[in-house]
Structures are given as C-alpha cells and as structure tokens.
Amino acid sequence: MASCLGIYIEPNIIKYAKVSKERDILTVESFGIKFYDKLGEAIKQIISDTYSFKVPISINLSEESYQYFYMFSLLNKNDLKKAIGTEFESLCAERGVNKNTIETRYALVNSLEDKEKIKVIHVSTRKNSLNTQLQPFVEYNVSTVAPMGVSITNVANLKAKENVLIINLEKNTTLTTIVDQKVYSVEQMEEGSKT
C-alpha cells in the first residue's frame, strides 16, 4: 500500500491529508487544519501526528504565475520545447527578469479557439521562493512541489466531456477551468479570504 502526505501551506494555516492507495482505491488515513506561528514546528507536529516520517510528501507551490503561449500543433516534440523556451526567454527579457532565477513547468492542451494550435500553460516561480518553501522540509522526503491550480484535477472527480470551474478561495482566489478532464486555464485573483 502506497501512502503520501499532502501539505497545503498558507500564511498562518496548514491543511493536510495523508492518503493511501491500494490498487485503484484511495483512502484518507488522516486529515486536518493547523494554525501556526512557527512553520517548522507545525510541520514537525503534523508529520509526527500522521506518522509520516518516511512517507513521500507533496506540498503546494506558492507565488507561482501562469503565462499562456500558443504553438502550432504540427511542431515535433523537440521543436515545441525549443519554441516554448524561446517564448519564455522573450517574456523574461520584456519584464527585465533573469531567466536563470526562475523555475518553470508547462502543460499542453488543445486550443479551443484554433484547432491548428496548442495552448501552453506555463507555470513559473522564483527559485528563491521555491527554496524558502522547501526549507522547513529539509529532514523529510518532499517528492512533489505542485501548483494547486494545475494539479487539482488529480483529486477532482471529473466525468468525461464535463466542463468545470473550480474556485479555490484561500488567501487569494484561484479559478481553474477544466475542459474535458484537462486543465484549460488558471486565473489568479488578488481578492480572497484575506479580504
């Protein structure tokens, strides 16, 4: 039986769930919310309470931003990767940002507006922000750092051909549009539970 501890960190609050999987059956072993003043102590307490000392841990990415690029669908895999890199470099130059200080990932979906194009959902965050997020987990087994907006489809019970808008109201609000079981866009709003 494989297990994983998911930890979602916001300022002063952590949500967590330990999930196990046997074949195709998911079981939530434990879950909760913890308010904290000292993040490191709160994480240590959650890991102890859930007995997750050697369990892979998945945490949320914070301070990520989303960019969208459109590429021709006829590009081969290598050319597509190069074109996405070029688009991102151009965006960094335009914003006056050193591309080497940014950590990036992307997902590909078919464009709904133009069948000859692929929509690239490009996610980026500053490397120093990512390192700060990982710092309290030095002693533990962090296996995944994932942006919530893109990874929400892993836990949502979605039906084929179903279009869904998921609203995640946290410190800020994230709107994830899902078309036919795939993330199509992620929009972030400054308004959220803090306001």
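Where is the place of aspartate 37 in the chain? Aspartate 37 is found in the loop that runs between strand 3 (25-35) and helix 1, and the legends below, which describe a predicted model, return to this residue after an overview and several close-up views.

**Figure 1. Overview of the chain, with its four helices and eleven strands.** The predicted model has one chain of 195 residues, of which 34% count as buried.

**Figure 2. The largest nonpolar core, a set of 14 residues.** Within this core, the residues that have the most contacts are Leu5, Ile7, Ile9, Ile14, Ile43, Ile57 and Phe137. At least two core residues come from each of strand 1 (2-10), strand 2 (13-22), helix 1 (39-49) and strand 4 (57-60), and helix 1 gives the most, with four residues. In soluble globular proteins, nonpolar side chains tend to be buried together.

**Figure 3. The second largest pocket, with about 650 Å³ of space.** This pocket is lined by 25 residues, and the closest of them to the pocket centre are Ile9, Glu10, Ser62, Glu63 and Lys171. Two or more lining residues come from each of strand 1, helix 3 (127-134), helix 4 and strand 11 (182-189). Sorted by class, the lining has nine nonpolar, ten polar and six charged residues. Ile9 belongs to this view through its place by the pocket centre, and Ile9 is also one of the residues with the most contacts inside the largest nonpolar core.

**Figure 4. The largest cavity, which holds about 30 Å³ of space.** The structure has one cavity of 30 Å³ or more. The residues that line the largest cavity are Met148, Gly149, Ile152, Ile166, Asn168, Thr174 and Thr176, and the elements that give two or more residues to this lining are helix 4 (148-151), strand 9 (164-169) and strand 10 (173-179). By class, the lining of the largest cavity divides into three nonpolar and four polar residues, with no charged residue.

**Figure 5. The aromatic pair of tyrosine 51 and phenylalanine 53.** The count of aromatic pairs in the model comes to one. The ring centres of tyrosine 51 and phenylalanine 53 are 5.2 Å apart and the ring planes stand at 90°, so the pair is edge-to-face. Tyrosine 51 has a relative accessible area of 63% and is therefore exposed, whereas phenylalanine 53, with a relative accessible area of 42%, is partly exposed.

**Figure 6. Two lysine residues placed over aromatic rings, lysine 117 and lysine 119.** The charged end of lysine 117 sits over the ring of phenylalanine 72, at 5.2 Å from the ring centre. Lysine 119 lies over the face of tyrosine 68, and here the distance from the ring centre is 4.7 Å.

**Figure 7. Aspartate 37 and asparagine 141, two loop residues with their distances to other parts of the chain.** Aspartate 37, in the loop between strand 3 and helix 1, has a relative accessibility of 77% and so counts as exposed. From aspartate 37 to alanine 107 the separation is 70 residues in sequence and 35 Å in space, C-alpha to C-alpha. Asparagine 141 is found in the loop between helix 3 and strand 8 (142-146), and with a relative accessible area of 37% it is partly exposed. Asparagine 141 and serine 151 lie ten residues apart in sequence, while their C-alpha atoms are 19 Å apart in space.

Notes: Residues are numbered from 1 along each chain as its sequence is written. This is a predicted model: local features need pLDDT of at least 70, side-chain atom pairs count only at pLDDT 80 or more; totals for chains, interfaces and linings use all residues. Side-chain values use heavy atoms; hydrogens and water are left out. On a 1 Å grid over the protein atoms alone, a cavity is a set of points where a 1.4 Å probe fits but cannot get out, and a pocket is an open set with protein on both sides within 12 Å along at least five of seven lines; lining residues have an atom within 4 Å of a point. Grid points are joined across faces, edges and corners, and a volume is the space filled by probe spheres set on the points. Ala, Val, Leu, Ile, Met, Phe, Trp, Tyr, Cys and Pro count as nonpolar, Asp, Glu, Lys and Arg as charged, and the others, Gly among them, as polar. Rings of Phe, Tyr and Trp (its six-membered ring) pair if their centres lie within 6.5 Å; planes under 30 degrees apart count as stacked, over 60 as edge-to-face and the rest as tilted. Buried means under 20% relative accessible area, exposed over 50%, partly exposed in between (1.4 Å probe, protein chains only). A charge sits over a ring if NZ of Lys or CZ of Arg is within 6 Å of the ring centre and within 35 degrees of the ring normal. A nonpolar core is a set of buried Ala, Val, Leu, Ile, Met, Phe, Trp, Tyr and Cys residues joined through side-chain atoms within 4.5 Å.
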